[in-house]
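Please walk me through this structure, beginning with the fold of one chain and then turning to how the two chains meet.

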Amino acid sequence: MTDIHKTIVVTGVGVVSPYGVGLDCMQAGMLSGKCCLAPTKDLYPGFEGTTAQVRGLPLLAEDSSSRYSRTDQLATAAAQDAMAHTGRDGSAFRESGVVIANTVGGLTEIDTGIAKDPAAWFRRPGNLLRVASYPFAHVADAVGEHFGIRGPRCAISVACASGATAIALAANMLLDGAAPIILAGGSDPLCPFTLSGFNSLRALDPNPCSPFDQNRKGLNLGEGSAILVLETLAGATARNANVMAVLRGWAMTNDAFHTTAPQEQGIGLADCIRLSMEMAEVSGDEIEYVNAHGTGTPLNDIAEATAYETAFRGRKHPIPVSSTKSYFGHCLGAAGALEAAITIMAVRSGALLPTLRLVDPIESPGVDWLRGEVKRQPLPLAMSVSSGFGGSNAVLIFGSGPS
Amino acid sequence: MTPNLAPVIITGVGSVSPYGPLAGLIPQSPLEPTTITAWTTAGLRRAFLVPAFRPASVVPGLKTRRLDRLSAWALVASALAIKDAGIDLNQVDRSRVAVIFATAFGCVELTEAFYLSAAANGWNGTDPSTFPETLPSTPASHVSLFHGLRGPNVTVSNKDFAGENALMQAASLLRHGQADLAIVLAGDTLSQSLYSWYDVAAVLSPACYNSDPVPEAGGFIPSEGVAALVMESSGRGDIRSGARSYARLCSGRWAAGGQPAEMIRQMLDGSVPSLTVCSGNGAPCATSPTTALAREISGDGAVIISPQTFALGLAGTGALFHLILALSSRPVHGQALFLATAGHSGFAALLLELLAI
């Protein structure tokens, strides 16, 4: 029996991706097999690589008292899309909470001058205004203030598990009654700082990435934002809202193993998958699709494959898994939220997207690596998996509707 | 809507602050800002600074050479709080221990260092060992890694109520059975760029430029440090042998707008706190909006603890220090309202039951 006060549902999904603004736009692009990863040279002098960029982002008007970083701009556009998606006007969200993850914050607004001669940098016209968006908390404020939303605001930063973690914590907050509705998700732009950082770690594939392939060479960075409108089923029912999906389970763990590398056996991730299934009260046999973290780095993908072997051991059939980072790269703090949106898309359409460029998959008998054509089947339950630097893992399980 | 949290108990306190590294409460003693010497300044510049110390001398075996000071202090403060709580981590299921960290600015020193490496060598020549240490979530990751804690690990922020936010997220994880024990941390470090920001923005107190006392002069004195609390679900904390209980967190609420007095009364659900601890915006206590709101809720007879200057210097992450300082100086037992306001950014309120230590 469903407890409508303890059931968290998704009543809107807003997306800004390299495909454009909107879930439909992303879905059409991905189902057509279009890859947004492209050679890039202009992100900083000397950079040559492959990224996926958002073009034609509708920008917020700035004045003498406000300046928005690209992280803010992406999040605000996604939040606008999410609210519009519900069919309700802005006043319906006045008491809502805002929980938005990011890792970049306002790093897009500053440059090396801030470290070389801070006082001179701050005295340059406009820089005090630019730097105000630096703290990673600013994104939640920018969204809240832009739409006049006055519920609790929270920014999350858990490296590449940020977006999924924001959704998990927002679900907890709804169960606590902290707000009637929460806009939850993540946002991150491309910027020289992070691009240079991943480049220095030799984690970037110079060509479009090949997650889970034996010959994978690393990841590509992308940018974007996804915001989910979350509420309890009781609230959604009272408002006669269109329930797009049910957030059946969520969990967070940490590997406690290394600052950048995952635990080789994927133990922390396997635990996280198990905990999310316990919360959802489902078995491994009931999950029919996993949207993987699947960065394409040698260490991540093997640890993740091992985690699936452990977590889904005993399943009647191999677990279907794909990495949609092969379409538009790794969007860091937005990745978990964008992939939650893709998982919801899969649950609603029954279309399981393949991993692009997966030619020679990692040997993993318990996993059905989706590749080639889009697979179509009824999909009552699907899982989205995220991991990040520092060993954090977050798993979300979405279902097609209230039971 | 009133979020009535199942009570959780604060059983351990640790900190790295201008008082130095400490396990337990902070002794009541006056604190003066000290002169900045870590970088060249144009004339006298002062702040509440953490005195230099060797982390390994406080926590044996701790290696912090390549870490941002924020990570190093988070490690030290967490170890001191766990020690204060009397917890032997070997006796604990570490997969059930969460780490919740609040920061406004993250690892600013190594972020500056990374920018400097880009300035010196170009963006293609940056230092790979520095980059992972610049992430806002890195201090929390180090805490999990050092102590072997495999539960949820989350870094949160909020412009004005980051510390309160961390406390409520931790309480929520405990309440929903997603952890049995949580290490809650909040803090920031003061770097050259951050201080320059305040300086150029003209928001600093005259006390930052002048060693003579300047009463009621406005502005604020920046500070630095990391505070840590151990929080346990009430069942566990009550029965654990040797557990010290500082306070019970009963409920909490924060919002960016609305009618704070009405929402807080709803949260209190008839409770009448005998003590209000003000944190927040740095205005002189007698005229601050926080105090006015406290009087509106609790009446003129309530005991009000003013914001503490050094904790005010931590922007949005001072809440845990406000709480520790209030616990250190509390004039009464019983229920306490922990209250912060921040102009148009709203309020945060926690209802605590102060316990006999």
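Chain B is made up of 11 helices and 13 strands, where helices (H or I, at least four residues) and strands (E, at least two) are DSSP runs, numbered from the N terminus. Its radius of gyration, taken over C-alpha atoms, is 20 Å, close to the 21 Å that the globule rule (2.2 Å times the number of residues to the power 0.38) gives for 357 residues, so chain B is as compact as a globular protein of that length.

This is a predicted model, in which local features need pLDDT of at least 70 and side-chain atom pairs count only at pLDDT 80 or more, while totals for chains, interfaces and linings use all residues. Residues are numbered from 1 along each chain as its sequence is written, and chains are lettered from A and ligands numbered from 1 in the order in which they are written.

The C-alpha trace of chain B spans about 60 × 50 × 35 Å along its principal axes. Of its 357 residues, 61% count as buried, meaning that 20 or more other C-beta atoms, placed from the backbone, lie within 10 Å of the residue's own.

Between the chains, 57 residues of chain A are in contact with 59 residues of chain B; contact requires C-beta atoms, placed from the backbone, within 7 Å. Helix α7 (residues 162-176) of chain A supplies the largest share of chain A's side, six residues. That side has 29 nonpolar, 21 polar and seven charged residues, with Ala, Val, Leu, Ile, Met, Phe, Trp, Tyr, Cys and Pro taken as nonpolar, Asp, Glu, Lys and Arg as charged, and the others, Gly among them, as polar.

Strands also pair across the two chains, pairing being at least two DSSP bridges. Strand β6 (residues 153-156) of chain A and strand β6 (residues 153-157) of chain B run antiparallel, joined by two bridges. Here A:Ala155 stands opposite B:Ser157.

Notes: Contact = placed C-beta atoms within 7 Å. Buried ≥ 20, exposed ≤ 12 C-beta atoms within 10 Å, placed from the backbone.
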